[in-house]
Amino acid sequence: MSYQTPKIAVSARLDIKKSAFITYSYPVSSREAAMFHVEQLRAQYPDARHWCWAYIIGDPNNTTSAGFDDDGEPSGTAGRPILNVLQHKSIGNVIIIVVRYFGGIKLGAGGLTRAYAGSAQAVVDEMTLQPYVPMMQVQIVADFAHESQCRYIVEDLQGHIDDVVYSKQVTLTVTIADADIATLKERLAMDGRVLED
């Protein structure tokens with residue numbers, strides 16, 4: 001399950017035969033988040049002709065959640081070419097949205113397919129990609145005296161602390177890479193313990 005995800009939102013623009021193709025890419029983790037960005041761009045560019053998009057949630061090589069929309073362009077000429085670029089580049093947890101302003105010159109089906117694929121590639125070229133790392137949230141229970149050591153271990157493993165509750169003991173809710181859970185348990189042996197579900 002090796003694929004890349006974008007770190008931040010980016011944009012690019014192509015002008016082809018007087019049509020403007022303004023392309024945005026956003027990191028997303030759900031279809032709802034992806035559709036939120038589509039609606040935002042519809043509001044931002046209300047006079048555009050088309051808002052075509054494709055998204056992949058999860059692994060692009062074994063897609064469990066993907067979608068695309070030609071938004072009125074001829075079938076297969078917009079959303080599918082955008083999706084193909086994402087799959088070819090193995091990029092997941094992302095949506096690419098192309099806002100098109102029609103310039104008066106028809107591009108034909110082949111021209112449209114190339115324009116949308118080119119727009120997707122232009123925004124991919126702007127992306128800062130990072131390897132996808134499956135994360136897991138766990139709780140650590142420790143005595144007050146060992147809290148700082150538990151925090152140090154979590155941070156040393158590139159995890160982050162989401163919440164801390166103080167009662168008879170300290171309960172830290174942390175997010176850490178799946179692959180580091182066993183190491184976390186080993187390193188906490190003397191200082192705290194990971195609560196099992």
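Mentor: Let's go through confidence, a sheet and its helices, and then some single residues.

Trainee: Start with confidence. How far does the average pLDDT go?

Mentor: This is a predicted model. The protein averages a pLDDT of 90, and 98% of the residues score at least 70.

Trainee: Where is confidence lowest, and where is it highest?

Mentor: Lowest in strand 11, with a mean of 80. Highest in strand 6, residues 94-101, at 96.

Trainee: Strand 11, then. Which order do the strands of its sheet take?

Mentor: The order is 9-10-8-11. Those four strands make an open sheet with antiparallel pairing.

Trainee: Which strands sit at the edges?

Mentor: Strand 9 (160-166) and strand 11 (192-194). Each of them pairs on one side only. On average, neighbouring strands in this sheet are turned by 25 degrees against each other, ignoring direction.

Trainee: How many bridges join strand 8 and strand 11?

Mentor: Three, in the antiparallel sense. Strand 8 covers residues 135-142. To find the spot on screen, look for Val141, which stands opposite Arg193 in strand 11.

Trainee: Which strands does helix 4 touch?

Mentor: Helix 4, residues 147-156, packs on the sheet and touches strand 8, strand 9, strand 10 (170-177) and strand 11. Its direction makes about 160 degrees with that of strand 9.

Trainee: And helix 5? Which strands does it lie across?

Mentor: Strand 8, strand 10 and strand 11. Helix 5 is residues 181-188, and it runs at about 10 degrees to strand 8.

Trainee: Which residues of helix 5 are buried?

Mentor: Ile181, Leu184 and Leu188. Down the axis of helix 5, the buried residues fall within an arc of 55 degrees, so they line one face.

Trainee: Why would that spacing give one face?

Mentor: An α-helix has 3.6 residues a turn, so residues three or four places apart point the same way.

Trainee: What do those buried residues pack against?

Mentor: The buried residues of helix 5 pack against strand 8, helix 4, strand 10 and strand 11.

Trainee: Where is Lys17 found?

Mentor: In the loop between strand 2 (10-16) and strand 3 (19-27). Asp71 is in the loop between strand 5 (65-69) and helix 2 (79-88).

Trainee: Lys17: buried or exposed?

Mentor: Lys17 counts as exposed because its relative accessibility is 53%. Asp71 is buried, with a relative accessible area of 19%. The cut-off for buried is under 20%.

Trainee: What does Lys17 touch?

Mentor: Leaving out residues up to four places away in sequence, Lys17 touches Ile105 and Leu107. Lys17 and Gly104 are 87 residues apart in sequence, but 8.3 Å apart in space, C-alpha to C-alpha.

Trainee: On to aromatics. How many aromatic pairs?

Mentor: Seven, taking ring centres within 6.5 Å as a pair. In one of them, Tyr24 and Tyr45 have ring centres 6.1 Å apart and planes at 50 degrees, so that pair is tilted.

Trainee: Where do Tyr24 and Tyr45 lie?

Mentor: Tyr24 lies in strand 3, and Tyr45 in the loop between helix 1 (31-44) and strand 4 (50-57). So the pair ties together parts that are 21 residues apart in sequence. Tyr24 counts as buried at 14% relative accessibility. Tyr45 counts as buried at 15%.

Trainee: How are Trp53 and Tyr55 arranged: stacked or edge-to-face?

Mentor: Trp53 and Tyr55 are stacked, 5.9 Å centre to centre with 20 degrees between the planes. Both are buried.

Trainee: Which residues do ring pairs link into a cluster?

Mentor: Tyr24, Tyr26, Tyr45 and Tyr101.

Trainee: Last one. Where is Thr5, and what is it in contact with?

Mentor: Thr5 is in strand 1, residues 4-6. Thr5 counts as buried at 7% relative accessibility. Setting aside neighbours within four places in sequence, its contacts are Gly92, Asn93, Thr128, Leu129, Gln130 and Tyr132.

Note on methods
Residues are numbered from 1 along each chain as its sequence is written. This is a predicted model: local features need pLDDT of at least 70, side-chain atom pairs count only at pLDDT 80 or more; totals for chains, interfaces and linings use all residues. Side-chain values use heavy atoms; hydrogens and water are left out. Two strands pair if DSSP finds at least two bridges between them. Helices (H or I, at least four residues) and strands (E, at least two) are DSSP runs, numbered from the N terminus. Axes are lines fitted to C-alpha atoms, for helices over the stretch in contact, and angles run from 0 to 180 degrees between N-to-C directions. Contact means heavy atoms within 4.5 Å. Buried means under 20% relative accessible area, exposed over 50%, partly exposed in between (1.4 Å probe, protein chains only). The arc is that of the directions from the helix axis to the C-beta atoms. pLDDT is the predictor's confidence in each residue, from 0 to 100. Rings of Phe, Tyr and Trp (its six-membered ring) pair if their centres lie within 6.5 Å; planes under 30 degrees apart count as stacked, over 60 as edge-to-face and the rest as tilted.
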